[in-house]
Structures are given as structure tokens and as C-alpha cells.
Amino acid sequence: MPQPNDSATVPTDSHSPPGKNPGKGTAKPSFISNLGADLPASLVVFLVALPLSLGIAAASGAPVMAGLIAAAVGGIVAGSLGGSPLQVSGPAAGLTVVVAGLVDEFGWAVTCAITVGAGVVQLLMGVSRIGRAALAVSPVVVKAMLAGIGITIILQQLHVLLGGQAAGSAVENLTALPAAITNVELHSALLGLAVVAILMAWKFLTASVRKIPGPLAAVVAVTALSVAVAPGVERISFSGSIFDAVALPSLPDGTWRAASMAVITVALIASIESLLSAVAVDKMHGGSRTNLNRELVGQGSANVVSGMLGGLPVTGVIVRSATNVEAGAKSRISAILHGVWVLVFSALFAGLIQLIPLSVLAGLLLVIGAKLIKVADIRTSLRTGELLVYSVTLVCVVVLNLLEGVIIGLALAALCVLWRVLRAQINAHAPAGAALPWRVVIAGSCSFFALPRLNRVLHSVPEGQDAVVELNADYLDHAFREALVAWQKQHRSTGASVILEEHGTTAFTDAEDNTPQRQDPREFPLPPRTSWLPPGDNPTADDDGGQPPLRSILLGIDKYHRRHADKVRPLVQDLTESQNPDTLFVACVDSRVNPNLITSSGPGDLLTLRNIGNVVCSDGRDASIDSTLSFAVKALSVDSIVICGHSNCGAMKAVIADAEGSAPALGTGFNTWLEHARPSYSALLAGHPVARAAEAEGYSRLDQLSMVNIAVQLRKLEDHPVTGPVLASGSVQATGLFYDICTARVVLVTPEGIEQLDPGMAVRS
């Protein structure tokens, strides 16, 4: 899925033709073409937004009309200027607790000024192009914040539903709940519970009924019931229309520091909620993505206008936005029209709003608050090891306040990240046998933070005991290397050996003089055993004039079992009963050539035939080669055959020496085998085009012969009765490769010449 665009340019709406500016000539046709979908969608969103806006205003302790002002401004202003084509903005439950606290501390007029200030901050954030940076908040903290807000709303609105008055904090509301239950106002409680029951049962009704928004149906039905059976219940009250509710903000009186903190709090929470909502909405549709910086500009503009008119703070609201997408909206026109409908209704039918009982809105808010507490979020935090962060953030939001709870949650999340990232796993393992060394395994980020544990584990290795240190680090600083080297010297002074095995993405030697940095994970070939075996186990050294010790192979198998077997097992599960390689790879027996390494192949990819000089032969001259070719082509139906030679080839040296009369005495069998390669020497002398191309590239005469030999063996495949027909039909392809050992690069060999497969390889000198 394309990522949200954070560029400064205004993104084209999903309905705009590519390359066209929607503001020049294409806006009108797009508006008309999408009006059939946007108009009905806007009506659905309006019906959902109306009761929610009233309930949020009531829960915030603000004038009821402030919720409708914010809904109208959010739809019209944020919808027009924002960067999300389908997000719907308005008053949100996420800021209810914050606004209620501001109203209680500063009064409504100053709260409106704080909303304006928050809008200015959002505008500056958008213009400064830091919209994406506002998403650098741990999702678990946001989810816990919303859950804490939900609990706070529930505790607050339970008192209103029971016919009482909510206290200033969640703790006070919780402690006063028994008394509120004892003094319940029965009509009020029954009306609120009726709303809860309708909303809970709404999803079980038929699809035709559910076309009506549940919140609207619940509020209208229970309000009508209250007029008939409970005319004396407390209802929404205000004077005048939405235009009479417009009020200019006032500056704080001597509380500038607290007001400034409030501005930052509202701006950050509103921005985070809006951007997270916009990203979530992007996942619901296939249109254009959100421009996050422009969305901040739109949200900031809406908050400035809403605050200046006496409205609640505005944010992007996921409930209304999801409704907008589900209703089939195609462009931002739907959000704008929804704001128009809110404005029209508030101006013409304000009297109907005053019929709504407060307990009805309380019941609606109870359901909204409960939806903010998601069991799925708790399960996710448990699975991902973030339950502590979730729990602490939630409790602090409820017990303290929203800002302090979020700050504590973010700090705890950061500490958890530091612990997981900076903590290195360091363990020492005693040997299973007396002849085996101790093994110290180090993995993770190796920094000075890990020095206490490193020293404790290293000094648990008994003096005089040989040790192997497995270092699998993705970060290694100088302090860690210095401590490890110091212990290595001290331990060796007791007569023991210390071997360092490196498996990570960082190099131990780099930490000595270079600035440490985390290296990207990368695939890397296994080093030769000679680079990590103890000196006495070097397989190139004879043991009392005999063969290299078998212990080197056994140590390699031990390393394979410890580090690789578990990773290889899933790769070979499907190969247990049969094989299905796509290539027959004919290579020299030279130990320096690793076919799987240079072709990035895994188990089951290559059927390998190795012999001296990577040769094939005419039919019947060698049963082993003939049977392999037949098995590959007829039984396994391989797609390709590769002939791979290499630089400094001993077989090619022997061919040249034989032609010059100085062949080594390697026996009759070896000399007979060279018959398969002698035609290659004749082709070299005859000026084979591959030899000329190799000479032009600066390759030695020996390597020229190796390349010519590859071309000659490819020619033999064409003449062979098994491979010739399939090559001619095109069902099998033949390829020649030359492995240059000194550069570790592979060259393509064709009948006419050679081709560098690595563009970075320069002409040899």
C-alpha cells in the first residue's frame, strides 16, 4: 500500500485525473461526478455526528451548542483545507477529559482561547513539515490513553445517568458512585439505560433497519418516550440558536504558564489523534493517501475558527470517518456537506435539541466510552510484551490526568525500548566434555551498558580453561571491545586459549578506532574453518606427518548444530522425500569454489557434478558423467546446465605443463583424465574468441585457458546425445561461468567471449 505523502505539495484527490490540479478546471467536473455518492454519505455522517457532538459537549462541561459549532467548523474548514480526502473532523471523545478540566480551571471563554492557541501550534507544525514526526508516539500509549479516557467518561456519565452531578476527577466519581446509586433518580436512569440497550442491540437488527444510524435512532426514540412518560426529567437547556451561541474567546488572567501548557496539551493530543485517524482511514479505501502536513494545517485552521466562534476543539474522528467511507463517499465534499447540514439543523431546529434529556446523552456517552476500551488492544499489548506500558498509562490517565498519564506512558515505553535494544544477551556454557572449551555466547547490542554483565559472565569461566567467545553483535562500541580484549589477555595469561567467533553484522576490529554504528543485517557466507579453528586444529597442518585431525570437521559440525541446524530445518522439510533442482551445476573439485555460495542457492536448488577441470565428455567415455547428465535431464527435468571453471585452476596448469613436457607425475589415471581438457588447450593455441576476449580484459594465460575450457565443454554438451536434443529444442539452457577467486566475482563465458556480470568490476590490469 502506498504510504501517506508528507510532501509540501497539495495531493491530488482520489477523483482527480493524474497530473491535473484539482483547483484549476477539474474541480467542477469532479464535484459533479462524485456528488451522487458524496451527498447521501454526508447525510449519513451528519446523522451520526449530531448526537455525538451534543453528548461530547455535555460531557466536557461546555455549552451544548459548542459541540455543534465544532462539528460544523470541522466539516467545512478541516474538510476543505485538510490533507485527508475522506476524514471527517469534529469534537472528539479523546479530548473530553482535557476540555472538562480546562473549563473547570479557566472557564469557557479562556478554554476557547486555548483552542485557538492549539490551532496556531498545529498550523506551525504543518507549515514546518513535521506532520509525520507527530506519529512518533508508541501506539500502545495512544490506545491506553483512549482506554483511560473511556473509563473516565464512564465514571463521569454514570452520575449523570443516575440523575446526579459528576465530580471533577475520575477518582472522586468512583468513590461517590455508591452514594449516587443509593440516591438514583429512577426515570433518568431508565431513560439512559434504554439508550444503552438500543445501541447494544442495534447490530443484531436487520440490514434495512441498520441503515439508520444507531445513535440517532436511540436518541430520537428515547427522547420521544421521555416526553410522554417523564416530562419532568432534566433536559438540555440553552437560549437562542447556534448563532446566538457564538462567543469570542478571552485571554487568561495571570495564569499564562498553565494556559501555555494547556495549549501544548490540546495541540499534541488533537494532532496525534487526527493523524492516527487519517492513517487508519487510508487503510479503509483505495483512493489517494493523506498529506499529513496539510492535514495538520487543516486541523489547525479548524481549531482557530472553532475557538474564535466559541466551539470545542476539533480533531479527526475515526467513528465519523469510518462511517463516511462505509457510506460510499468519494471525496472531501462529503465531509464539507456534513458540516453544512449540522449548521443548517442547528440554525433551524435548535428547539428540538432542548427536548433531549441529559441522561439520554449520558447513555450514549457510556457506550462511546466503552468502545474506547478495546479488549483486542489489551491482548495485543500482552502478546507484544507491552502490557506494563498499557496498564501504567491507563491507570495514570484515570488517576492523575491525561497529560501526565501520556507523558509517564511515553517515558516508560522509551525505557522499555532502551532495555530491549541496549540489553545484550551474555551467557557462559560449561563444556560437555573435558577436551572441549567453555563457550561464551554474546548477542545483541554490545555497549558500555552491558559491561557489568559482561565482566560477571567472563569471570565465571575458570582460569586455565580454554574458551570460545561467540560474538553475534549488531552494535559494538569501543568500551565493550576494550573490556573483552582485556579479559582475553588476562585469561590467556593463565595458560588457556581464547578463540573469538564473529557471526554478527559488526566487525570486532572496527570498534577499536572507528565511531560505532548499528550495521544493517546482511547475508554473509560462512568463513573457512581455518579462520576460526584453534591453531592446533588447522586442517592445513599435518598431525605428525599424517592427515589433518578429524576434530576440525567435528568442531564444524558442532558449530552447525548450534548456529545453523534450526534455521536449515524449515528449508528442507519439503525435501525429505524427493528433490526438484532446477540446475545441473558442473564445477571443478577445487575446494575454493562453492557453487551454492556464488549462486545464492539453498538446499535442493542445485544438482552438483564436480570433477577435475569441470569437464564433460563424449557419450560413453565416462559412465559417471553420462549417468549424471541422463539423471539430470531425464529424471529431474532440470531447466539449465552450468559449466563453472575458476581462476588459477590446477587442472589447467597440468594441461599446460603436459603440453610443454613438464607434467607432474600424478599417475596414469590423472593423465588419462586430462584427455577431456586437452582440446581446450588446442583451441587456446588456435586463437579461440574467448581467449582473445580474456586477454583483452587482462586475464593471465592460465585463466584464459580456464575460460576457453568452459566454452569447449559447452560445445560438448551440444554434441552429447542426452543433452544435445534438449538444448536444441530450448527446453534446457546451457551457461558458462568463471569464478575469479582473487576478486570473488563471477564472469559469464559465452562461445564468443566473456561478459562481466558485476558492473562495478573494472578492466583488469
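I started with helix α20, residues 478-492, which lies across β3, β4 (438-446), β5 and β6. Against β5, I noted that α20 runs at about 170°. A reminder to myself: this is a predicted model.

Next I looked up the sheet under those strand names. It is an open sheet of four strands, in the order β3-β4-β5-β6, and the pairing is mixed. Which strands sit at the edges? I found β3 (425-429) and β6 (498-502), each of which pairs on one side only.

Then I zoomed in on one pair of strands. β5 covers residues 467-476, and five bridges join it to β6. The two run parallel. I picked E470 and looked for its bridge partner in β6, which turned out to be E501.

Next entry: helix α13, residues 333-348. How far apart should its ends be? It has 16 residues, and at 1.5 Å a residue they should span 22 Å. I checked the end C-alpha atoms and they are 22 Å apart, so the helix agrees with the expectation. I also looked up which of its residues are buried, and the list includes I333, I336, L337, V342 and F345. Also buried in α13 are S334, H338 and S346, among others.

Most residues other than glycine have a negative phi, so I went looking for exceptions. S600 is one of the positive cases, with phi near 50°. I placed S600 in the loop between α23 (595-598) and β8 (606-611). Is S600 buried or exposed? Its relative accessibility is 71%, and exposed means over 50%, so S600 counts as exposed.

A744 also has a positive phi, about 60°, and is not a glycine. This residue is in the loop between β10 (733-740) and β11 (745-750). A744 has a relative accessible area of 45%, so I put it down as partly exposed.

Last entry: the cores. In soluble globular proteins, nonpolar side chains tend to be buried together. How many residues does the largest nonpolar core have here? I got 95, and those with the most contacts inside it are L68, I114, L312, I353 and L402. Apart from that one lies another core, of 50 residues, with V586, L629, A694 and L714 among them.

Note on methods
Residues numbered from 1 in each chain as written. Predicted model: local features only at pLDDT ≥ 70, side-chain atom pairs only at ≥ 80, totals over all residues. Heavy atoms only, no water. Pairing = 2+ DSSP bridges. Contact = heavy atoms within 4.5 Å. Axes fitted to C-alpha atoms, helices over the stretch in contact; angles between N-to-C directions. Expected span 1.5 Å × (residues − 1). Buried < 20%, exposed > 50% of the residue type's maximum accessible area, 1.4 Å probe, protein only. Core = buried A, V, L, I, M, F, W, Y, C linked by side-chain atoms within 4.5 Å.
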